[in-house]
Amino acid sequence: MDQRLLPDRLLIVETPNHDPAADGLETPTLTDEDWEAVQRYAQAIFACGMHSIHGPSHWTRVEKVGLELARETGADPTVVRLFAMLHDTCRLNDDKDPGHGPRAADMLGTLIGILLTIDPGRLVLLEQAIRHHTDGQTSEDPTIGTCWDADRLDLGRVGTSPEAAYMSTDEGKKRAAIS
Ligand SMILES: [Fe+2]
């Protein structure tokens, strides 16, 4: 992984390339209780209301599309689901609010009790995907790219057509082209 892309907020950066599968280790996954706890937490801290255009209905669509994309892109579905649930939770309003990505990435530390059950490599990807999802860039990492594409493919809800040029993955580009 490009060292310049490593997060500066989480202690997990010491093992950014840890790959449990390559090590022949079990890859920990979140339990149903963990997912429910993440969902409850996201809704509890979200300041824009349950009917916000950046709220739970948007998170659900990003999760659904993200998991569909992941089957084609090879993205990590656990990271994609966590991104969907958490990436907009620190918005202070439904306008531009450019700081909401970094705030949500910093907030991950408060979920560490749950998130420590997944491996450090996933946490690095999650932190980076959330921190930079508002920067307008694309990513060659299939998991980060899938997260961002799933979010941008839901732009129709605010009257903006998703554009292939802003998609990271081939599958995202295809979907944007026909949206
Ligand atoms: Fe979003």
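**Burial and overall make-up**

I started with burial: 39% of the 179 residues of the protein count as buried. I kept in mind that this is a predicted model. Next I went through the secondary structure and listed eight helices and zero strands. Read from the N terminus, the elements run α-α-α-α-α-α-α-α. I also checked the contacts between residues at least 6 apart in sequence, and 64% of them join residues at least 24 apart.

**Confidence**

How far does the predictor trust the model? The mean pLDDT of the protein is 85, and 84% of the residues score at least 70. I then looked along the helices. Helix 5 (residues 112–115) has the lowest confidence, with a mean of 80, while helix 7 (residues 142–152) has the highest, at 98. I flagged residues 1–26, where the pLDDT is below 50. Beyond near neighbours in sequence, that stretch still has 37 contacts in the model, and I will read those with care.

**Helix 7**

How many of the 11 residues of helix 7 are buried? I found 10, so helix 7 is largely enclosed by the rest of the structure. I wrote down the buried ones: Thr143, Ile144, Gly145, Thr146, Cys147, Trp148, Asp149, Ala150, Asp151 and Arg152. Charged side chains are on that list too, Asp149, Asp151 and Arg152 among them. Then I asked what covers these residues, and the cover includes helix 2 (56–73), helix 3, helix 6 and helix 8 (170–178).

**Helix 3 against helix 6**

Which residues meet? From helix 3 I noted Thr78, Val79, Leu82, Phe83 and Leu86; from helix 6, Arg122, Leu125, Leu126, Ala129 and Ile130. By class, this contact has eight nonpolar residues, one polar and one charged. The spacing made sense to me: an α-helix has 3.6 residues a turn, so residues three or four places apart point the same way.

**Asp97**

Asp97 has a positive phi of about 40 degrees, although it is not a glycine. I located Asp97 in the loop between helix 3 and helix 4 (100–107). Is Asp97 buried, exposed or partly exposed? I counted 16 C-beta neighbours inside 10 Å, so Asp97 comes out as partly exposed.

Key
Residues numbered from 1 in each chain as written. Contact = placed C-beta atoms within 7 Å. Helix = DSSP H or I, 4+ residues; strand = E, 2+ residues; numbered from the N terminus. pLDDT = per-residue confidence, 0-100. Buried ≥ 20, exposed ≤ 12 C-beta atoms within 10 Å, placed from the backbone.
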